[in-house]
Amino acid sequence: MQNKEELINEFTEFIPFVQSLRSLAEEKWNSQIAEGKWTVRDVITHMMLWDKYFLEEAIQKITSHQPITAKHLDFDEFNKKAVDYAKDKKQQEIIDASIHYRNELLRQLDSISEDDFAIEHIDGDGKPFSAYYYLIGFIPHDHHHIAQLKAFFSKAPAH
């Protein structure tokens with residue numbers, strides 16, 4: 001079982017990855033990562049909006065001792081909204097927001113005491129939620145999308 005510090009360190013790895021996309025050509029940023037799949041822009045926006053959601057609806061609620069309002073959302077609908085949101089945003093704006101929300105999540109998570117980190121709170125659906133299990137669930141999500149993008153970058157011709 002990973003401890004709080006190990007989980008937070010692993011969750012931090014997204015930031016340098018996103019920062020590395022600052023120099024990505026706009027054409028590649030807007031390219032589908034595979035036939036019928038999202039663009040790089042869509043993947044990063046999807047991750048950023050999940051960070052924003054869990055920051056505002058769960059982690060900030062824990063740190064401010066308020067009831068958690070996060071609910072189990074319709075993933076397809078959430079993801080569709082992320083793609084729509086990204087359409088009129090600039091690359092640097094999405095990257096900046098991604099770094100901002102992840103840094104704020106990390107700051108808030110770090111402020112939770114070791115003892116409180118695994119305490120189960122009740123979410124907006126009446127189900128248990130803890131900072132620990134949030135990270136256990138979302139770190140593999142990060143790894144999945146980062147691996148997808150790295151595979152795309154390794155195959156795509158340089159521009």
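This is a predicted model: local features need pLDDT of at least 70, side-chain atom pairs count only at pLDDT 80 or more; totals for chains, interfaces and linings use all residues.

Contact here means heavy atoms within 4.5 Å.

Q: What makes Phe 54 a residue in contact with others, once its neighbours within four places in sequence are left aside?
A: Since contact requires heavy atoms within 4.5 Å, the residues that qualify for Phe 54 are Ile 59, Ala 70, Leu 105, Phe 129, Tyr 134 and Phe 138.

Q: How do you know that the length of H8 is close to what is expected?
A: The expected span is 1.5 Å times one less than the number of residues, which for the 25 residues of H8 comes to 36 Å, and the helix reaches 36 Å from its first C-alpha to its last.

Q: What makes Leu 135 and Phe 138 buried residues of H8?
A: Buried means under 20% relative accessible area, and the residues of H8 that are buried include Leu 135 and Phe 138, together with His 141, Asp 142 and His 145.

Q: Which residues are the closest to the centre of the largest pocket, and how does its lining divide?
A: The closest are Trp 50, Phe 54, His 72, Phe 75 and Phe 138, while the lining divides into 11 nonpolar, 7 polar and 2 charged residues. H8 supplies the largest share of this lining, 6 residues, and the pocket has a volume of about 370 Å³.

Definitions and conventions. Residues are numbered from 1 along each chain as its sequence is written. Side-chain values use heavy atoms; hydrogens and water are left out. Helices (H or I, at least four residues) and strands (E, at least two) are DSSP runs, numbered from the N terminus. Buried means under 20% relative accessible area, exposed over 50%, partly exposed in between (1.4 Å probe, protein chains only). On a 1 Å grid over the protein atoms alone, a cavity is a set of points where a 1.4 Å probe fits but cannot get out, and a pocket is an open set with protein on both sides within 12 Å along at least five of seven lines; lining residues have an atom within 4 Å of a point. Grid points are joined across faces, edges and corners, and a volume is the space filled by probe spheres set on the points. Ala, Val, Leu, Ile, Met, Phe, Trp, Tyr, Cys and Pro count as nonpolar, Asp, Glu, Lys and Arg as charged, and the others, Gly among them, as polar.
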